[in-house]
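Biologist: I would like to learn how to read strands and helices in a model. Please take me through some cases.

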Amino acid sequence: MNIDLDLSVDKMLATICIRPQEGESLPSIEELKQYLAKGGINFGIDEKALQQAVNNPGSIVTIARGESPTEPIDGKVEYNFPLKAEIKPKEDKSGNVDYFDLGFVFNVKEGDLLATKTPPVEGKPGHDVTGKILMPKKPFNPKFVAGKGAKLSEDGLSIFAEVAGTPRLIEGKVVVLQTLDIDKDIDFATGNIVFKGSVNIRGSVLSGFSVEADGDVIISGIVEEAVIKAKGNVIIRTGFEGGTNGFIQAGKSVNIRFIHNGKVFAGEDVLVESEAFFSKITAGGKVLMQGRNSQITGGSVEAGIEIRARVIGSYKHTKTLVSAGVVPGLREKLEGIVNRIKSIEAQIKKARELEEKFLYLKKKQKDKFPQSQAEALENVQKTIESYINQVESLKKVKDEIIKTKEERKGGRIISDIIYPGVIVTIADISQEITEEIRGANVRIEEGELKFY
């Protein structure tokens, strides 16, 4: 008996065709199986197909099929931050577009989820009709690494921010940068900058824009009529042309080449290389004009400890205010507290008058004193008690401020030349300079200003 057995090229199909000779009986299913086994076919044999082949001699029947390996599922990573900065103006619900807010910086805080990974799934092996195992393709397993400033979860499927800053994908690693480097001016190409770390700008900050950072702000260029706020230091390599609305604020110190018509506030020191013209400068520590020709002319300069400049004022007798030994904002705070105490005491006086009226009615009406008025009296008395407590607390703060002011009388102002038109203040003692003073070292002694 002739039995034609054929395999497909990939050995995933096997066919037979039974061609019995005259007088020959057809093979049984078991005989066919043995025949196939001798031919190396031992997987995916279809007995119904074998029967069909027996029933239809001369027909080509597929009697075995291989099984392909299943397709694997690639792993993937989803990032919770933009991999590429998408800079576009922010639009509110009313359709108003803010061209100063372009979303240039994406900020995260400690603990924020930065990325999640879905692991790959392996495919299942298959077999050809000869029984050979067919291995599935390997699934793609994306790189998932936490770099500096980021932390991988215990299961290895999540990355969290370890610090505040801006997340980036660098060389396949998720990192959180605490310093933002910007190689351009801050203008309509970047919008305003708000960052939870430090900012290093290798350009200028143009008028109308602002930079706010939780760390330091370093600017290579000039700052125009812009706003710079940093909880750390502010370092400006060039200078500050403040104009009407320009403002620099540092939680620590400001280091700058020059200040023109600008407002500067520093929790610690202000260090200026050359001049400060017609500006308002306030420092919790010192204002030090460091250059050989450093000069303060016009405006006001206020320092908690010391002011030092080669020249203060000008030969034109420009009005210039310099104050040392003052805590920035303390005077305004004291004035506010005093006014608040006066206001509360006036309210106490009115409440006392109302209390007296209720007490008079209560004494006169005795048992007929209405319950509603009794409750009103009680409320008035509670209010008076609350007011008194507030006044006592405010007076304690007031005493502390006055004590601090007394301690600040050690402030000093040092200058090679102080011109007429300058008003010098140490703590709360002021004096207008009417004659040019050279080699001045101004401080308080025996309750008055002394010039050495």
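**Strands and a helix**

Modeller: Two strands pair if DSSP finds at least two bridges between them; helices (H or I, at least four residues) and strands (E, at least two) are DSSP runs, numbered from the N terminus. This is a predicted model: local features need pLDDT of at least 70, side-chain atom pairs count only at pLDDT 80 or more, and totals for chains, interfaces and linings use all residues. Residues are numbered from 1 along each chain as its sequence is written, and side-chain values use heavy atoms, with hydrogens and water left out.

Biologist: In which sense do strand 10 and strand 14 pair?

Modeller: Parallel, over 2 bridges, with strand 14 covering residues 173–177. V145 stands opposite K173.

Biologist: Which residues of strand 15 are on the covered face, and which on the uncovered one?

Modeller: In a regular strand the side chains alternate between the two faces of the sheet. In strand 15 (residues 179–182), L180 and I182 are on the covered face, T179 and D181 on the uncovered one. T179 stands opposite S198 in strand 17.

Biologist: Which residues of helix 2 are buried?

Modeller: Buried means under 20% relative accessible area, exposed over 50%, partly exposed in between (1.4 Å probe, protein chains only). In helix 2 (residues 47–55), A49, L50, A53 and V54 are buried. Viewed down the helix axis, these buried residues fall within an arc of 145 degrees (taken from the directions from the axis to the C-beta atoms), so they line one face of helix 2. K48 and N55, on the other side, are exposed.
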